[in-house]
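Subject: Structure handover

Hi,

Here is the structure we talked about. Please open it and keep it beside this email as you read.

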Amino acid sequence: MQTTPGVILEPENYVMILASMAENGCFRDDSPAIEGANNIGYNHTSGPQLFDEIATEMAGDALEITSASARRLCNTLAIGFKNAPQTNDEDQPDTLISNLKEAHPLASMPLTRQPAKANELVANRVLLDRSSGICPVTKSQQRLIVLEPDQRKQLHDDLLELSKVQLANFAGKKEGESTERAAEQLQIFSNWLNTREGEPFTAIVDGANIGYFMQSFDKGRFNYHQIKFMCDTLEARGENPLVVIPNKYGYNEFYSSKKEYQKLDPVEIKIMKDLRSQGKLYQVPPRCLDDLYWMLSSVSDQTVSRGGRDLSVPSNDPSGRWPGTRPMLVSNDQMRDHKLELLEPRLFRRWYGCHMVNYNFTAFVNGESVAGNEIGFSQADFFSREIQGNECPVDGEQDQKWGGQAWHFPVSDWDLDERFVVRIPTRSQST
């Protein structure tokens, strides 16, 4: 269908197609060919490989399904494979087996934790291991799908366009002011990131978010001591931070978010000046939204300073840095106000999952902190919350007779690390 001009399917459309075909046994090895499948671009006309092709298309168009769709797919696969022997029958390592049972369409789907046999049909609700991305049933491992270079550029350009809208919405329309000004200022920041020399930034710090963290108590304030605490911690972990702050917090005096007058103390002024002199503080221009600046900096190529290097940190980094995409973005901002405005939801989810790092620490009172205060980080996702298919590992001689991809579908009304997994075993070519 991808080869048919103008055809764009919603998740429910894909589920309807897959469910109808599954119920009629089209994904069985012995299913007759579906007439015309080759004419609309499919390499396979039936069997497990056709499911893989359709699921691959679906992964390109959809992000997740509903629990009702998961139940429907499970039921229709159970119907389509109802004649397959069960796992409690005689051991049949050379035959596809199924333990699926049709259930009421509104019945909740229980979690499955028992590993499936290599030749067993799988359509289950599972909880992925958050630290490894491994599925307990299929043993396949989920991947972290990062932004491709063209997607990074698209997000970069989307942010420039978004800045024009945000200037009016966030700061209010000013007489004689062009919306192009916001995009021009953001482009200046982008050019600075690409042309500056020295080491590339590996951690972007949301200065306003850290400065106000847990400062809602009576004498709470925008706190530069907390920003320094964050930068010192990141540097101790081998990162090179850049702090992005709204324009007003780059001065010695300002009105806080509580609309209260605040004057920085001498130590805070020194912190601000030190960060600025070290090239680690960027003060966003007046009437510009700082969120767009730290978002853009996380996808910047940093052309000169990076010199074409991949900044990502592998899982076995000898210096002990935590693995993942760089630069990371340190913030507890949930980004709810940007998600709906970006043109491509998939880009936003992929960006957020790869770059966003949350944190927690005990708040400072002015410049004072509790003894032993440490920052706890919740690192960016280990695997992507997207529909994806991955090969299952082979374990033992019998397993080598079978192959096939395990497809994991995020479900909108299940927990974050839960997935609906489908695996239709295929006989290995060597058997």
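This is a predicted model: local features need pLDDT of at least 70, side-chain atom pairs count only at pLDDT 80 or more; totals for chains, interfaces and linings use all residues.

Start with the inside. The largest nonpolar core has 40 residues, and Phe27, Met58 and Phe420 have the most contacts inside it. A nonpolar core here is a set of buried Ala, Val, Leu, Ile, Met, Phe, Trp, Tyr and Cys residues joined through side-chain atoms within 4.5 Å. Buried means under 20% relative accessible area, exposed means over 50%, and partly exposed is in between (1.4 Å probe, protein chains only). Two or more residues of this core come from each of α1 (11-23), α2 (48-61), α3 (67-80), β12 and β13. These labels follow DSSP runs, numbered from the N terminus: helices are H or I with at least four residues, strands are E with at least two.

Look at Met58. Leaving aside residues up to four places away in sequence, Met58 touches Pro11, Tyr14, Val15, Leu18, Ile65, Ile387 and Phe409. A contact means heavy atoms within 4.5 Å. There is also a second, separate core of 32 residues, with Phe222, Cys231, Leu264 and Phe377 among them.

Residues are numbered from 1 along each chain as its sequence is written, and side-chain values use heavy atoms, with hydrogens and water left out.

Now the salt bridges. There are 17 in the structure. Each is a side-chain nitrogen of Lys or Arg within 4 Å of a carboxyl oxygen of Asp or Glu.

- Asp417 and Arg130 meet at 3.5 Å, N to O. The two are 287 residues apart: Asp417 is in the loop between β12 (405-410) and β13 (418-423), Arg130 in the loop between β1 (122-127) and α4 (149-171). Asp417 is buried at 13% relative accessible area, whereas Arg130 is exposed at 52%.
- Glu199 and Arg309 meet at 4.0 Å, N to O. Glu199 lies in the loop between α5 (180-195) and β2 (203-206), and Arg309 in the loop between α10 (303-306) and β7 (328-330), so this pair ties together parts 110 residues apart in sequence. Glu199 is exposed at 52%; Arg309 is partly exposed at 39%.
- Asp274 and Lys270 have their closest N and O atoms 2.7 Å apart. About one helical turn separates them, because they are 4 residues apart in helix α8 (residues 266-277). Asp274 is partly exposed, at 29%.
- Glu64, Arg349 and Arg385 form a network of salt bridges.

Next, the rings. A search of the whole structure finds 24 aromatic pairs. Rings of Phe, Tyr and Trp (its six-membered ring) pair if their centres lie within 6.5 Å; planes under 30 degrees apart are stacked, over 60 edge-to-face, and the rest tilted. Phe189 and Tyr293 make a tilted pair, 5.1 Å centre to centre with 50° between the planes. Phe189 is in helix α5 and Tyr293 in helix α9 (residues 290-299), 104 residues apart. Phe189 is buried at 0%, and Tyr293 is buried at 2%. Tyr359 and Phe361 are stacked, at 5.8 Å and 20°. Both are buried.

Which residues do ring pairs link into a cluster? They are Phe189, Trp192, Phe201, Tyr282 and Tyr293. The charged end of Arg196 sits over the ring of Trp192, 5.9 Å from its centre. For this, NZ of Lys or CZ of Arg must be within 6 Å of the ring centre and within 35 degrees of the ring normal. Arg125 likewise has its charged end over the ring of Trp414, 4.3 Å from the centre.

Best wishes
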